[in-house]
Amino acid sequence: MKVRVLYFAGLREQLGTSCEDLEASPTTVAGLRAMLMARGGAWQSALAQGKALRVAVNQQMAQPTTSIKPGDEIAFFPPVTGG
């Protein structure tokens with residue numbers, strides 16, 4: 001299953017990449033996050049469960065239980081705050 005994963009704002013800087021295509025991927029947002037965190041290092045800290053992150057699947061806000069299908073685009077980004 002191939003999906004495209006995008007990283008925005010501070011995540012992009014922490015991880016050193018703005019996007020990647022993954023050949024094999026879990027079937028939920030939570031599973032994908034866990035798989036990426038298992039890489040360790042910056043991945044573990046940037047995507048840690050305690051971190052406030054937003055996720056979108058195909059440009060629609062998603063929950064940890066949201067399903068991921070082949071061809072989906074999953075974006076991780078920090079919450080946006082305004083002043």
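Start by selecting R12, which is partly exposed with a relative accessible area of 34% (buried is under 20% relative accessible area, exposed is over 50%, and partly exposed is in between, using a 1.4 Å probe and protein chains only). Before you click on, know that this is a predicted model, where local features need pLDDT of at least 70, side-chain atom pairs count only at pLDDT 80 or more, and totals for chains, interfaces and linings use all residues. Residues are numbered from 1 along each chain as its sequence is written, and side-chain values use heavy atoms, with hydrogens and water left out.

**Salt bridges**

The term here means a side-chain nitrogen of Lys or Arg within 4 Å of a carboxyl oxygen of Asp or Glu. E13 counts as exposed, at 54% relative accessibility. The structure holds four of these bridges, so let's visit some others.

Pick D21 and R4 next. They make a salt bridge with the closest N and O atoms 2.8 Å apart. This one links distant parts of the chain: D21 is in strand 2 (residues 19-22), R4 is in strand 1 (residues 3-7), and they are 17 residues apart. (Helices, H or I with at least four residues, and strands, E with at least two, are DSSP runs numbered from the N terminus.) D21 is partly exposed at 40% relative accessibility, and R4 is also partly exposed, with a relative accessible area of 35%.

Now jump to K69 and D72, whose side chains meet in a salt bridge at 3.8 Å, N to O. Is D72 buried or exposed? D72 is buried, at 5% relative accessibility, while K69 is partly exposed at 48%.

**A buried arginine**

Select R33, in helix 2 (residues 29-37). R33 is buried yet has no salt bridge, and the nearest side chain of opposite charge, E20, is 13 Å away. For charges, Lys and Arg count as positive and Asp and Glu as negative; His and the chain ends are not counted.

What does the side chain of R33 reach? Show backbone atoms for L47: the R33 side chain reaches the backbone oxygen of L47 at 2.8 Å. Then bring up the neighbours. Leaving aside residues within four places in sequence, R33 is in contact (heavy atoms within 4.5 Å) with L47, A48, Q49, K51, L53 and F76.

Rings of Phe, Tyr and Trp (its six-membered ring) pair if their centres lie within 6.5 Å; planes under 30 degrees apart count as stacked, over 60 as edge-to-face and the rest as tilted. The count comes to two aromatic pairs.

Y7 with W43 is edge-to-face, at 5.5 Å centre to centre and 75 degrees between the planes. Y7 is in strand 1 and W43 in helix 3 (residues 41-46), 36 residues apart. Both Y7 and W43 are buried.

Y7 with F76 is stacked, at 6.3 Å centre to centre and 15 degrees between the planes. Because Y7 lies in strand 1 and F76 in strand 5 (residues 73-77), the pair ties together parts that are 69 residues apart in sequence. F76 is buried, as is Y7.

Last stop: select R39, which lies over the face of W43 at 4.4 Å from the ring centre. A charge sits over a ring if NZ of Lys or CZ of Arg is within 6 Å of the ring centre and within 35 degrees of the ring normal.

Technical notes. A polar contact is a pair of N or O atoms within 3.5 Å; within protein, one must be able to donate a hydrogen and the other to accept it, and residues adjacent in sequence count only if both atoms are side-chain atoms.
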